[in-house]
Amino acid sequence: HLIKEEEGMPPLVGAELIQTPVQLYRYLLRCCRLLPSTAMQKHYQHAIRQGYNSHSDENDPERIQMMIQRAITDADWILDKYTKKK
């Protein structure tokens, strides 16, 4: 049973298994379901689709892994921002 540091905790289980852009895309769309409002969910779903399409021609494996890590970190930050406010 691994306990991660507070910083860098992924928003959903399975983030550490993401290896491909398609896995990242599906993961990020699942993250959207955790957002509080439908408008917010639609906004981020659209942004995720746009980002996926605009980077679909990327073929450098190292750059792809960097982008995957950054996207997971960003998703964590966004979810933390909107779901911890009470």
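Buried here means under 20% relative accessible area, exposed means over 50%, and partly exposed is in between. Bear in mind that this is a predicted model.

**Stop 1: helix α3**

Select residues 61-83, which form helix α3. Which residues of α3 are buried? They are I64, I68, A71, I72, A75, I78 and L79. Show their side chains. Then bring up the other helices: what covers these buried residues includes α1 and α2.

Now check the length of α3. Its 23 residues should span 33 Å at 1.5 Å a residue.

**Stop 2**

An α-helix has 3.6 residues a turn, so residues three or four places apart point the same way. Colour by accessibility next. R70 is exposed, at 56% relative accessible area, while D74 is partly exposed at 31%.

How many salt bridges does the model hold? The count is two. For the other one, select E58 and R63. Their side chains meet at 3.1 Å, N to O. Both partners are partly exposed: E58 has a relative accessible area of 23%, and R63 has 36%.

**Stop 3: the nonpolar core**

Select I18, L24, Y27, L28, I68 and I72. In the largest nonpolar core, which has 18 residues, these six touch the most other members. The elements that give two or more residues to this core are α1, α2 and α3. Which element gives the most? It is α3, with seven residues.

Centre on I18. Leave aside its neighbours within four places in sequence. I18 is then in contact with Q23, L24, Y27, Q65, I68 and I72.

**Stop 4: helix α2**

Select residues 38-54 for helix α2. Its 17 residues should span 24 Å at 1.5 Å a residue, and the end C-alpha atoms are 24 Å apart, so the two values agree.

Pick out Q41, Y44, Q45 and I48, which are buried in α2. Look down the axis. These residues cover an arc of only 105° around it, which puts them on the same side of α2. Turn the helix over. The face turned away from the buried side carries the exposed residues A39 and K42. Back on the buried side, the cover includes α1 and α3.

Zoom in on Q45. Is Q45 buried or exposed? Q45 has a relative accessible area of 19%, which is under the 20% cut-off, so Q45 counts as buried. Beyond residues up to four places away in sequence, Q45 touches L29 and C32.

**Stop 5: aromatic rings**

The model has two aromatic pairs. For one of them, select Y25 and Y52. The ring centres are 4.7 Å apart and the planes are at 40°, so this pair is tilted. Y25 lies in helix α1, residues 21-32, and Y52 lies in helix α2, so the pair ties together parts that are 27 residues apart in sequence. Y52 is partly exposed, with a relative accessible area of 30%.

**Stop 6: two distances to draw**

Select C31, which is found in helix α1. At 4% relative accessibility, C31 is buried. Draw a line from its C-alpha to that of Y44. The distance is 9.5 Å, across 13 residues in sequence. Y44 is one of the buried residues of α2 from Stop 4.

Last, select D80 in helix α3. D80 is partly exposed, at 37% relative accessibility.

**Final view**

α1, α2 and α3 each give two or more residues to the core. Keep α3 highlighted as the element that gives the most.

Technical notes. Residues are numbered from 1 along each chain as its sequence is written. This is a predicted model: local features need pLDDT of at least 70, side-chain atom pairs count only at pLDDT 80 or more; totals for chains, interfaces and linings use all residues. Side-chain values use heavy atoms; hydrogens and water are left out. Helices (H or I, at least four residues) and strands (E, at least two) are DSSP runs, numbered from the N terminus. Buried means under 20% relative accessible area, exposed over 50%, partly exposed in between (1.4 Å probe, protein chains only). Contact means heavy atoms within 4.5 Å. A salt bridge is a side-chain nitrogen of Lys or Arg within 4 Å of a carboxyl oxygen of Asp or Glu. Rings of Phe, Tyr and Trp (its six-membered ring) pair if their centres lie within 6.5 Å; planes under 30 degrees apart count as stacked, over 60 as edge-to-face and the rest as tilted. The expected span of a helix is 1.5 Å times one less than its number of residues. The arc is that of the directions from the helix axis to the C-beta atoms. A nonpolar core is a set of buried Ala, Val, Leu, Ile, Met, Phe, Trp, Tyr and Cys residues joined through side-chain atoms within 4.5 Å.
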